[in-house]
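Hi everyone, thanks for coming. Let me walk you through a structure I have been looking at.

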Amino acid sequence: MPWNWQLPDWPKFSWNAARLRKAEEQFLLGAGSLHGTVKYLPATDRDQLTVEVLSTEALTTSEIEGEILDRASVQSSIRRQFGLTAPKGQSRPAEEGVAEMTVDVYRSYGGPLSSETLWAWHSLLFQRRGGLLDVGRYRSGLAPMQVVSGPIHAPRVHFEAPPSSSVSREMEQYITWFNRTAPDGAEPLPALTRAGIAHLYFETIHPFEDGNGRVGRAIAEKAFSQCIGNATLISLAATILARRGAYYRALEAANTSLDLTDWLAWFGGIALEAQLRTAALVEFLIDKTRLLDRVRDQINARQEKVLLRMFREGPEGFKGGLSAGNYATITRASPATTTRDLTDLVKRGTLVRSGELRHARYHLAFRLKKAAPVVIDEHGDVR
């Protein structure tokens with residue numbers, strides 16, 4: 001069976017727009033609501049939200065590709081780029097590069113896409129790391145660019161991209177399509193449709209020797225931001241990481257057809273879930289501010305330090321709950337002081353306790369919301 005790029009009508013994609021209509025409307029409504037809520041957050045909370053979402057995206061877009069980065073290093077790099085206070089110390093090239101690319105996508109979303117933009121992003125990811133022949137340029141190798149799994153003696157080819165000799169022509173056509181379908185372009189497309197096609201189309205060409213997934217997801221986020229008219233804070237990579245197996249299966253299923261309806265329905269559900277993840281983080285920050293305002297000047301420095309540590313875990317919560325041992329480690333308090341501090345926080349309604357004695361665990365006293373999977377069914381209903 002031929003790959004999609006080998007079909008006679010490539011790259012003339014088709015899809016059932018009616019199936020995506022409700023999802024497109026819901027996405028725009030959610031984007032407007034989220035933007036309005038973020039706009040009225042205190043400046044410190046807006047900064048925290050921006051750093052939190054962008055650093056999570058930088059970390060998870062790398063983790064999807066099997067690269068585990070240091071969270072503190074990525075956050076420090078992002079904070080420095082926004083002129084915010086950050087711990088001293090030099091980030092490693094991997095953390096620094098993906099952080100710089102993520103911030104550039106956020107800041108420069110409104111500009112047209114170009115080869116120069118893509119080459120710059122690729123350079124940020126790899127120029128200080130070594131190991132690649134083609135850095136900051138499209139691939140030039142003669143060997144087929146394949147996605148393969150299984151043993152060497154019996155590999156399974158999940159996909160084969162166009163040969164390197166045709167990449168420049170394919171990318172010129174791709175960039176023209178992307179800019180033409182922008183909100184101010186000649187043939188504008190709605191947000192989910194445009195971002196979904198942009199990502200799949202790019203991954204099909206696979207123009208770089210490495211880093212295609214990271215750059216392709218950055219392009220999707222640029223498409224979202226352009227379509228809603230502001231720099232979006234959407235947890236796309238984090239959501240894809242949570243659904244990584246389904247992500248690769250959906251990409252593979254779309255590799256042999258120009259009808260993208262099923263892919264766009266799957267991708268649209270992921271985008272809506274990503275939007276809900278960010279909304280949950282915003283609500284978490286609001287609840288955090290209210291809680292800290294309520295207990296301000298009523299708790300000691302140790303208690304405040306532990307609360308701030310718990311808040312850094314975000315809406316997902318402190319894994320397994322806070323134990324007395326955790327508290328003592330964070331604060332270096334004695335067992336007696338730890339018991340008094342935790343008991344006081346429970347009495348003040350700041351923490352709630354579950355379990356007894358050494359099995360006691362403490363959680364923040366407001367409900368942490370988590371985004372559930374979103375499905376766009378065959379009738380176009382979002383559930």
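Let's begin with the largest nonpolar core, which has 107 residues, with Leu 118, Tyr 174 and Phe 224 making the most contacts inside it. By nonpolar core I mean a set of buried Ala, Val, Leu, Ile, Met, Phe, Trp, Tyr and Cys residues joined through side-chain atoms within 4.5 Å. Helix α11 (residues 261-295) gives this core its largest share, 15 residues.

A quick word on the source: this is a predicted model, where local features need pLDDT of at least 70, side-chain atom pairs count only at pLDDT 80 or more, and totals for chains, interfaces and linings use all residues. Residues are numbered from 1 along each chain as its sequence is written, and side-chain values use heavy atoms, with hydrogens and water left out.

Back to Tyr 174: not counting residues up to four places away in sequence, Tyr 174 touches Leu 113, Ala 198, Tyr 201, Phe 202, Ile 205 and Ile 219. Contact here means heavy atoms within 4.5 Å.

Now, is His 206 buried or exposed? His 206 sits in the loop between α7 (191-205) and α8 (212-228), and it counts as buried because its relative accessibility is 15%. The cut-offs are under 20% relative accessible area for buried, over 50% for exposed, and partly exposed in between, with a 1.4 Å probe and protein chains only. Helices (H or I, at least four residues) and strands (E, at least two) are DSSP runs, numbered from the N terminus. Leaving aside neighbours within four places in sequence, His 206 contacts Arg 139, Met 145, Ala 161 and Asn 212.
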